[in-house]
Amino acid sequence: MERELTIVVDGMGGDNAPACNIEGVVNALNEREGFRIIMTGDEEALMQGLSSYRYPKERLTIRPTTQVIAMAEPPVSAIHGKKDSSIVVGMGLVRKGEADAFVSAGSTGAVLVGGQLLVGRLKGVHRPPLACIIPTEKGMTCVVDCGANVDARPEWLIQFARMGSVYVENMLGIKAPTVGLLNIGAEEEKGNALVKETMPQLKACPDIHFTGSVEARDVPSGAVDIVVTDAFSGNVLLKMYEGTASALLHIIKKTLKSSVKTMIGGALIQGALKETLKRYDASNYGGAPLLGLKGLVVKAHGSSSAAEICTSIFQCLEFSEKDINGKIRRALEDAAVKAEA
C-alpha cells in the first residue's frame with residue numbers, strides 16, 4: 001500500500017510561531033484531504049494551541065523536539081549543535097523517507113544549510129537555489145536565486161535557469177517560459193564579470209528560452225517569466241519589491257482617507273481595489289522552494305500568517321503531485337548527455 005503524502009511543518013519557526021503555524025496546519029487539513037502532517041516542536045505548546053481547534057486528528061502527528069534555532073544563530077553551528085531542533089528533526093524525517101516535504105518560516109540560513117547537509121542535493125546539482133514567485137502586471141514571475149547562494153558561478157546560474165524553467169512550466173503552467181539574466185542594462189557589454197561570463201553560455205543552451213538581460217525596473221511589468229541571478233542581487237530585488245509594494249499600499253490608503261471627497265471615491269472603488277491588491281498578497285503564493293534537493297524544502301516568510309503557511313502546504317502537495325523533483329532530475333540528466341555529445 002502506497003504511503004500517504006506526508007508534509008512536515010516546523011511548528012516553532014517564524015515570528016508568529018507557534019500560533020499561526022498551528023492555525024495554518026489546521027486550515028490545510030480541514031480544506032483538503034489526501035495528505036497528513038507532522039508538526040515538529042514543543043509538544044506542550046503545540047498541543048495547547050491545537051486544543052482550541054477542530055480538525056481530523058488522525059491526520060496530524062506531533063514529533064516532540066526540545067530545541068529551537070533562533071533567527072540570528074550561525075546556521076552551520078546551529079544545524080550541527082541543535083540536533084533536537086524543530087528544523088533538524090523535520091528535515092531528518094524527509095531524509096529518512098518518512099516525509100515528502102518540509103515547510104518552515106524559521107531561520108533562512110538554517111533551512112538552507114539543512115537542506116543541503118540533511119536532505120541532500122540531487123545528483124549533478126551544483127547549488128540549490130531558492131525560487132520565489134512574485135506578482136507582475138502580466139501575471140507572475142519567478143526569481144531564481146532569491147536567497148540561497150550569495151556568490152555564484154556561471155554554471156550555477158545556468159542550472160538555476162534550467163531548474164527554474166521546469167518549476168515555472170509545471171507549477172505555473174507557462175509553456176516555454178522566458179528567462180532573463182538580471183543586469184544593469186540591456187546591452188551585452190554591461191554587467192559584472194559573472195553576468196558577462198554567463199550571458200554567452202545561456203545563449204548557447206537550446207533548452208532554455210533565454211531572452212537576454214533584464215533590468216530590475218522591467219521585472220514588475222512581467223518582461224520575463226524567470227529572472228536568473230545570484231542570491232545577493234535576487235534578494236535585494238525581492239526586498240525592494242516588497243518594500244515598494246508596502247509603501248504604495250500605505251500611500252493609497254492614506255490618500256483615500258485624506259478628505260471627504262477621496263473617502264467617497266474610495267468607497268466606490270473599494271471592491272475593485274481589494275481584488276487588485278489580492279495579487280500582491282504574499283499569502284497567495286506560499287513559500288520559496290529550494291530547488292534541486294532529493295526532497296522538497298519550502299522556506300516561508302519569517303512573518304508568515306496562517307494563510308501563508310496553509311498555502312505553502314498546498315504548494316508542497318502540487319509540487320509532489322507534479323513530480324517536480326523528478327522532472328528537474330531528468331532535465332539535468334538530458335542537458336549533461338547533450339553536453340558530452
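Helices, at least four residues long, are DSSP runs numbered from the N terminus. The model shown in these close-up views is predicted.

**View 1. Tyr 241 in helix H8.** Tyr 241 is a residue of helix H8, which covers residues 231–256. Its relative accessibility is 16%, and Tyr 241 therefore counts as buried, the limit for buried being under 20%. Leaving out residues up to four places away in sequence, Tyr 241 touches Ile 134, Pro 135 and Thr 136, together with Val 219 and Pro 220. From C-alpha to C-alpha, Tyr 241 lies 34 Å from Gly 49, and the two are 192 residues apart in sequence.

**View 2. Packing of helices H6 and H11.** The crossing of the pair H6 and H11 is right-handed. On the H6 side the contact is made by Gln 159, Arg 162, Met 163, Val 166, Tyr 167, Asn 170 and Met 171. H11 contributes Ile 324, Lys 327, Ile 328, Ala 331, Leu 332 and Ala 335. Sorted by class, the contact of H6 with H11 holds nine nonpolar residues, two polar ones and two charged ones.

**View 3. Loops on either side of H6.** Asp 145 sits in the loop between strand E6 (140–144) and H6. The peptide bond that joins Val 144 to Asp 145 is cis, with omega near 20°. Ala 176 belongs to the loop between H6 and strand E7 (178–183). Although Ala 176 is not a glycine, its phi is positive, at about 45°. With 37% relative accessibility, Ala 176 counts as partly exposed.

**View 4. Asp 323 between H10 and H11.** The loop between H10 and H11 contains Asp 323. Phi of Asp 323 is near 50°, a positive value in a residue other than glycine. Asp 323 has 36% relative accessibility and so counts as partly exposed.

**View 5. Surroundings of Ser 304.** Ser 304 lies in the loop that runs between strand E11 (296–299) and helix H10 (306–321). A relative accessibility of 2% places Ser 304 among the buried residues. The side chain of Ser 304 comes to 2.6 Å from the backbone oxygen of His 301. With neighbours within four places in sequence set aside, the residues in contact with Ser 304 are Asn 16, Cys 20, Ala 105 and Ile 309.

View 6. The loop between strand E1 (5–10) and helix H1 (19–31) includes Pro 18. The peptide bond from Ala 17 to Pro 18 is cis, and its omega is near -5°.

View 7. Helix H4, residues 86–95, is mostly covered, with nine of its ten residues buried. The buried residues of H4 are Ser 86, Ile 87, Val 88, Val 89, Gly 90, Met 91, Gly 92, Leu 93 and Val 94.

Technical notes:
Residues numbered from 1 in each chain as written. Predicted model: local features only at pLDDT ≥ 70, side-chain atom pairs only at ≥ 80, totals over all residues. Heavy atoms only, no water. Helix = DSSP H or I, 4+ residues; strand = E, 2+ residues; numbered from the N terminus. Buried < 20%, exposed > 50% of the residue type's maximum accessible area, 1.4 Å probe, protein only. Polar contact = N/O pair within 3.5 Å; in protein donor to acceptor, adjacent residues only side chain to side chain. Contact = heavy atoms within 4.5 Å. Left-handed = near helix turned anticlockwise from the far one by under 90°. Nonpolar A, V, L, I, M, F, W, Y, C, P; charged D, E, K, R; others polar.
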